[in-house]
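Here are my notes on the model, as numbered points. Please read them with the structure open.

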Amino acid sequence: MSTWIDIASLEDIPQRGARVVKTSRGCVAVFRTAEDEVFALNNACPHKAGPLAEGIVHGKSVTCPLHNWVISLETGTAEGEDEGSVATYPARVEDGRILLDQSFLRARAAA
């Protein structure tokens, strides 16, 4: 059973931008694409733990600000020749509000 929690208004995150949500399980980066889709990932790049929320969002990817690794917002997997991945979390927009699946955030502590 999923429990959706309201974390912010869609308008709180600029298009092609991100914000960090601090949870008891750590920081989650929430991204908004130019098409107003939202994605939630661990905020640490798999390469050197760069802050993905500070990266550049393009299409459905984010480029890490430290070493230019490109991470898929849909899968959390590094693109191109880079290897690695970050955890992704279910996110959705409902009535202009961004919702995260709390059960996945809880499961993160067990990983």
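1. Start with Cys 45. This is a predicted model, and in it Cys 45 is buried, with a relative accessibility of 4%.

2. Cys 64 is buried too, at 2% relative accessibility. For Cys 45, the closest cysteine sulfur is the one in Cys 64, 3.9 Å away. Seen from Cys 64, the closest cysteine sulfur is that of Cys 45.

3. The cut-off used here is 2.5 Å between the sulfur atoms. At 3.9 Å, the sulfur of Cys 45 is too far from that of Cys 64 for a bond. By this rule the model has zero disulfides.

4. Now the sheet. Strands of a sheet pair through backbone hydrogen bonds, either parallel or antiparallel. Here, three strands make an open sheet, ordered 1-10-9, with antiparallel pairing. Strand 1 covers residues 4–9 and strand 9 covers 91–94; both stand at the edges. Each has a single partner strand, so one side of each lacks a neighbour in the sheet. From one strand to the next, the twist averages 35°.

5. Look at the pairing of strand 9 with strand 10. Strand 10 spans residues 97–101. Four bridges join the two strands, which run antiparallel. Which residue of strand 10 is the bridge partner of Ala 91? The partner is Leu 100.

6. To recap for your own check: Cys 45 and Cys 64 have their sulfurs 3.9 Å apart, too far for a bond, and the open sheet runs in the order 1-10-9.

Key. Residues are numbered from 1 along each chain as its sequence is written. This is a predicted model: local features need pLDDT of at least 70, side-chain atom pairs count only at pLDDT 80 or more; totals for chains, interfaces and linings use all residues. Side-chain values use heavy atoms; hydrogens and water are left out. Two strands pair if DSSP finds at least two bridges between them. Axes are lines fitted to C-alpha atoms, for helices over the stretch in contact, and angles run from 0 to 180 degrees between N-to-C directions. Buried means under 20% relative accessible area, exposed over 50%, partly exposed in between (1.4 Å probe, protein chains only).
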